[in-house]
Amino acid sequence: MAPAYDIAVIGAGMAGASIAAELAPYARVLLAEAEPMPGYHTTGRSAAFFHEAYGGPQVAPLSMASGPRLRELGVLSPRGSLYIGREEDAPLLEQYVARFAGIGAVIERVGRAGLKGRIPGLRPEWTLALYEPACADIDVAALHQHYLAEARRAGAELRVSARLETAEREGEGWRLGFGRAGEARSRIVVNAAGAWTDEVARLAGARPLGITPLRRTIAQLRTNPAPPADLPLVLDINSRFYFKPEHGRLWLSPEEETPSPPCDAAPEELDVAIAIDRFEQVVDWHVEAVERKWAGLRSFAPDRLPVYGFDPRREGFFWFAGQGGFGIQTAPAAARLAAQLLLGLPRDAMTEPLDTALYSPARFG
Ligand SMILES: Cc1cc2nc3c(=O)[nH]c(=O)nc-3n(C[C@H](O)[C@H](O)[C@H](O)COP(=O)(O)OP(=O)(O)OC[C@H]3O[C@@H](n4cnc5c(N)ncnc54)[C@H](O)[C@@H]3O)c2cc1C
């Protein structure tokens, strides 16, 4: 007889781990992960920053609601960010200020003089910037481990090397097949499979929502000079690069969004070369070596908002997907809200300001 659970969460990246931690005090939870190590895919490959406006004004409430919890857990360290531009980018920077005026983020205009002090060796054409003091580095591994430990403490069972291969309705719930990792029965399935969410939907007989994995690359560079430890996260207002310091090295991304099938994403040489070329147009530093490079898949729904809620057609099938480029920084509020929706619990101080309709799978008809 297959063991019985109330809820089977598929995928143990940040999404699966965080929702399992929120659900486990109330239900018998199975957290099933295809890989031998949770966090192997997108969660282990992020740029590890918290940026209030990142993902747009409708994602910002999730990030803002998560900030206090992330601070309380001690996983944030101050960094600050600068969106930079040239003279011709002035309208774009002003549009950015207008777009985010309502979210409650502090955004300060910085001119050339202020910029030079913050980014040594900055080339003269970069004259404009927006500074956001709340931006921080996130200790992603610590946050992920926190959620896995919380889930385990509350009784959730983590099963690794357990790829969901079959999901069939049986009576009031599901019969789930994990190949050599056995079977399980569960009342509800939570789809937290990152880049594989549409695949998991298909195998459970739910309609895929068009959640598309987009590849993004990061290169770790040794530069001369080395980046100062207090360098802010520097982002291009035209979304062509971002970079930040990491233990005396530089993490640089060309901010590409290349559609990809769900897979173990690998970086392309060309994307690294493009990133370095763009970086060399920003500062006069010498790139001495590419020490490391990696890529991960950021998965977006068609409207680029996350998807939390029960599928309107497939009974017992709950979406926790489409975390795009913000799944780490939104994890506390996203997981709390999704658990409340799933269990029918009232909202609390963290989730009260959130508009659930924005994130509902029902918005796709
Ligand atoms: C380069 C890059 C930079 C980023 N920077 C940031 C940042 O600075 N801040 C931020 O907040 N976010 C950032 N992100 C986004 C963030 O990393 C993601 O939103 C988040 O990690 C998504 O978590 P997830 O759990 O949905 O996906 P994943 O971590 O990919 O987890 C999904 C899991 O599901 C498992 N799985 C799939 N199919 C099955 C199956 N059939 N059965 C069982 N398990 C299955 C997979 O093995 C995987 O472990 C970045 C992403 C990238 C790629």
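Predicted model: local features only at pLDDT ≥ 70, side-chain atom pairs only at ≥ 80, totals over all residues.
Is the crossing of H1 and H8 left-handed or right-handed?

**Stop 1: two helices**

Select residues 14-23 for helix H1 and residues 331-343 for helix H8. Their axes come within 8 Å and cross at roughly 55°, so the two helices are oblique to each other. The crossing is right-handed. To see the contact, show the side chains of Met14, Ser18, Ile19, Glu22 and Leu23 on H1, then those of Ala331, Ala335, Arg336, Ala338, Ala339, Leu342 and Leu343 on H8. Colour these residues by type and you will find 9 nonpolar, 1 polar and 2 charged.

**Stop 2: salt bridges**

There are 23 salt bridges in the structure. Begin with Arg28 and Asp6, whose closest N and O atoms are 3.0 Å apart. Arg28 sits in the loop between H1 and strand E2, and Asp6 in strand E1, so this pair ties together parts 22 residues apart in sequence. Arg28 is partly exposed at 48% relative accessible area, while Asp6 is buried at 17%.

Next, pick Glu257 and Arg298, which form a salt bridge at 3.1 Å, N to O. Glu257 lies in the loop between strands E16 and E17, and Arg298 in strand E18, 41 residues apart. Here Glu257 is partly exposed at 34% and Arg298 is buried at 10%.

Now go to Asp303 and Arg363, with closest N and O atoms 2.6 Å apart. Asp303 is in the loop between E18 and strand E19, and Arg363 in the segment after H8, 60 residues away.

**Last stop: a network**

Finally, select Arg216, Glu255, Glu257, Arg298 and Arg304 together: salt bridges with shared partners join them into one network.

Note on methods:
Residues numbered from 1 in each chain as written. Heavy atoms only, no water. Axes fitted to C-alpha atoms, helices over the stretch in contact; angles between N-to-C directions. Helix = DSSP H or I, 4+ residues; strand = E, 2+ residues; numbered from the N terminus. Parallel < 35°, antiparallel > 145°, perpendicular 65-115°, else oblique. Left-handed = near helix turned anticlockwise from the far one by under 90°. Contact = heavy atoms within 4.5 Å. Nonpolar A, V, L, I, M, F, W, Y, C, P; charged D, E, K, R; others polar. Salt bridge = Lys/Arg side-chain N within 4 Å of Asp/Glu carboxyl O. Buried < 20%, exposed > 50% of the residue type's maximum accessible area, 1.4 Å probe, protein only.
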